[in-house]
Structure formats: C-alpha cells, structure tokens
Amino acid sequence: MIAALSVLGVQYSDLFIHFFNRFLNGLGLGLHFGFLFRRAQKQHSVQVIVGAQCGNAVLRGAHVYAAGILSASKWMKTGDEVSVFSDIEGKCRRGAVEFDGAKVFIGNGIAELSRSDIFCTNSPIKGKGIRMTEPVYSSPSFDNMLPGNIFLQNLPSAVVSHVLSPQPGERVLDMCAAPGGKTTHIASLMNDEGEVIAVDKIANKVEKIKHNASLLQLKCIQAYCFNSIKAVLREPKGLEPGLGPPFCPESFDRILLDAPCSGMGQRPSMACPLSLKELTSYQPLQRKLLSTAVELLKPGGTLVYSTCTITLAENEEQVAWALKTFPCLQLEVQEPHVGGEGMPGAGLSLDQLELLQRFDPSATEIFDVDANKLKLDEDLVAVANSDTIGFFIAKFLKKS
C-alpha cells in the first residue's frame with residue numbers, strides 16, 4: 001500500500017521503488033519499500049487491545065506506543081510475548097483486564113512496559129508500549145528515515161500531481177492542501193519555480209504544510225489558514241488584493257482540489273465510523289469547493305478534482321454535476337493513466353468515463369503468498385502496482 005516516495009523532493013512510483021530496493025540491497029542496507037504480504041502467526045495468551053487508529057498505524061509499520069493501549073492482560077510484564085488486537089468499534093474500556101468485543105488480530109510483539117507501568121500511574125504515558133516483531137503485514141516503518149530527502153505517498157496521490165502537470169513559473173492553487181504531500185510534489189515538479197499557494201482551514205495542519213515545505217527546501221510554497229469555500233475576493237472594485245486569500249477571480253493557471261471526502265478508499269481501515277448523515281454531508285461541501293475552483297481558474301487553465309473515496313456520489317456524480325453546471329468545463333485526457341476508468345451510473349458517456357481515473361481496491365487480486373516465493377521482477381511490480389488505496393481523479397479544462 002505504500003506506493004510512492006520522494007527522493008530529494010521528487011516523487012517516484014512503484015517501478016522506481018522496485019529498482020531503488022535493488023540499489024539499497026546492493027549497498028547492503030537491507031531496506032525494502034512498498035510490498036505487503038499476509039502472514040499467519042501463533043497467538044499468545046497475553047493480549048493487548050489498542051484503538052482503531054493505533055491499529056491502522058501498526059498495519060502501516062508502526063510500533064504500539066503506550067498512549068494507544070486500551071487494555072492488557074492482568075499479569076503482563078516487561079519482556080512478555082504478546083498478541084495485539086484492534087478494538088474496531090471503540091467499545092473497549094481503558095484499563096480493562098479482558099475484552100470480548102469485536103476485535104481484529106494485528107500481530108505479535110514484545111511488551112516494553114508492564115501493565116502497571118501503563119495503567120497504574122498518574123503521569124502522562126509516553127514511549128513505546130509494544131515493540132512489534134510479527135505484524136500481520138510486512139510493512140516496514142519509515143519514521144525519521146532520510147527526512148528532507150524522502151516523502152512517502154500512495155501511488156494514486158503521486159499520480160494526481162503528474163495529472164495536474166504544473167509547469168515552472170505558473171501560479172498553482174492547492175485548495176485543501178494539508179499535510180502537504182501533493183503541495184510539495186507540485187512544487188518539485190515545477191523545479192521550485194513559480195508560485196504554489198496551499199490553503200487549509202485548520203491551523204495546525206497549515207503548520208504541517210510549512211514544515212514539510214521547509215524540510216524539502218522548497219521556496220515557492222506559500223501556506224495559508226483559510227476556508228477555501230470563501231477564497232474568491234468579493235470586495236468592491238478598486239481595492240488591492242493581498243498576497244494571501246481571498247484571491248481575485250481567474251487568477252490561477254492550475255488548481256488542485258483534493259476534496260474533503262468520506263475517505264472510504266483509505267487503507268488499512270478496519271471499520272467505518274461514519275453515520276449515514278456524515279456520509280452524505282460531503283457532496284454539498286465538494287460542490288461548493290468546485291464552484292470556487294471554477295471561479296478562481298483562468299480561462300485555458302486546468303482543474304484536477306480528486307478524492308480518496310470510492311462512492312459514486314462523491315466522484316462520478318460530481319463530475320456530471322460540474323459539467324452540467326459549468327458549461328466552460330470539459331474533461332481532459334489524464335497522463336499518466338494507470339488506474340481504471342470511471343464507474344457507470346452517473347449519466348456520463350462511455351467516452352467521458354474513459355477520461356476518468358479510478359483506483360478501486362475491490363477490483364484488485366489479493367496476493368496471499370510468501371515474500372520469498374516472489375522472485376521475478378514482473379511479480380514484484382505486479383504486486384506493487386495492483387494494491388493501492390481507493391482513489392478517484394478527474395481532470396478539467398476551463399474553455400476560453
């Protein structure tokens with residue numbers, strides 16, 4: 001599922017990762033990128049329950065930190081072999097000795113703290129609680145590995161910036177930019193020449209964008225805390241606009257709207273916490289953002305709309321709505337096009353569906369094999385390029 005990385009500020013796809021693995025192995029570093037394989041393990045009598053968010057992090061290669069532990073067996077002590085489970089419904093009571101609710105096994109590890117260290121203290125709990133030794137997926141952790149040189153992304157996330165195709169010297173807007181992976185990728189594709197405006201309405205997330213831009217030494221990025229729905233300047237004529245938002249209409253060459261969405265394509269994920277009301281709340285928000293994007297885009301400019309979800313309502317239906325609402329928009333060919341075509345059901349023609357790009361994990365063959373049995377290069381590449389998060393991309397041209 002880890003499907004793309006950035007070296008010296010430039011993102012690369014799975015093909016690069018495969019050959020980069022061979023390069024690292026040739027240096028004797030023993031590192032491996034991007035491949036997950038199911039494993040069968042014996043479960044231990046000592047059990048630890050963690051929250052769903054912590055469980056998802058473990059599936060991506062993290063260890064279990066003490067703050068994420070909800071329950072531990074009564075006699076758990078430092079050095080014990082333990083089996084770790086994720087509470088997928090959020091019903092485990094903190095400090096419980098046993099938990100019989102819905103849980104998913106996520107691997108085995110070694111306790112770095114005892115039960116009393118975790119639950120019998122008035123001090124804030126810090127540090128590693130369980131060192132994972134046998135996670136169910138062999139996904140290596142990249143925490144603090146070559147910071148400033150490598151930025152990890154899922155494959156579809158890296159594809160988005162290439163589809164936008166920003167050019168040096170252009171003015172580009174990333175409307176919902178945090179934490180800045182696509183923002184920094186856009187800037188690096190522009191050779192750090194031009195202007196990349198990153199906007200997000202949550203202040204601490206904007207600081208994350210600034211941190212990532214600084215880490216990758218990208219100077220053309222400007223990050224602002226602002227609600228992108230209100231990003232069009234509505235002041236009377238004659239007033240000088242500021243450097244930041246709101247912006248004058250038709251003032252950007254390219255716009256990326258990686259929209260807030262239900263996130264139902266995100267993986268790993270062991271449960272969907274959304275209610276039906278929450279699930280249906282995203283479509284109106286996305287349409288408001290699309291309307292703003294069309295106003296801010298120059299005639300002849302490019303708008304890319306993307307989500308990390310798989311619902312028809314947030315993807316193809318939004319494309320159909322945008323084409324009907326804004327006659328100035330037309331769908332464009334995407335390069336590269338490594339995903340599938342759009343899903344029928346929203347009233348789009350077959351030609352229009354072929355212009356869309358959908359990454360759908362449900363259509364992916366599941367590889368349940370031992371890593372040592374995959375010897376051929378084509379097998380490795382097939383595994384890496386077949387297993388992604390769920391994602392959707394549409395590319396529009398604003399006609400003059």
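This is a predicted model: local features need pLDDT of at least 70, side-chain atom pairs count only at pLDDT 80 or more; totals for chains, interfaces and linings use all residues.
How many bridges join strand β4 to strand β8, and in which sense do the two strands run? Strand β4, covering residues 64-65, is joined to strand β8, covering residues 128-135, by 2 bridges, and the two strands run antiparallel. If you want a position to look for, take Tyr 65, which stands opposite Lys 128 in β8.

Strand β8 also pairs with strand β7, residues 103-111, again in the antiparallel sense, and here there are 5 bridges. In this pairing you can find Gly 109, whose bridge partner in β8 is Met 132.

Let me now turn to the annotated positions. An unreviewed UniProt entry places the feature "binding site" at Cys 176, Ala 177, Ala 178, Pro 179, Gly 180, Gly 181, Lys 182, Asp 200 and Asp 258. These positions are spread over 83 residues of sequence, and yet they cluster in space, with a largest C-alpha distance of 13.1 Å.

Ala 177 lies in the loop between β9, residues 171-174, and α5, residues 181-189. Ala 177 is counted as buried because its relative accessible area is 5%, which falls under the 20% cut-off. Leaving out residues up to four places away in sequence, Ala 177 touches Thr 183, Ala 198, Val 199, Asp 200 and Ile 209, and Asp 200 is itself one of the positions that the record lists for the binding site.

Lys 182, by comparison, is found in helix α5. With a relative accessibility of 13%, Lys 182 also counts as buried.

Finally, where does UniProt place the feature "active site"? The record, again an unreviewed entry, puts it at Cys 308, a residue in the loop between β13, residues 297-307, and α9, residues 316-325. Is Cys 308 buried or exposed? At 16% relative accessibility, Cys 308 counts as buried. Not counting residues up to four places away in sequence, Cys 308 touches Cys 261, Gly 263, Met 264, Gly 265, Gln 266, Gly 390 and Phe 391.

Conventions. Residues are numbered from 1 along each chain as its sequence is written. Side-chain values use heavy atoms; hydrogens and water are left out. Two strands pair if DSSP finds at least two bridges between them. Helices (H or I, at least four residues) and strands (E, at least two) are DSSP runs, numbered from the N terminus. UniProt positions are given in the numbering used here, feature names are shortened, and annotations may be inferred rather than shown by experiment. Buried means under 20% relative accessible area, exposed over 50%, partly exposed in between (1.4 Å probe, protein chains only). Contact means heavy atoms within 4.5 Å.
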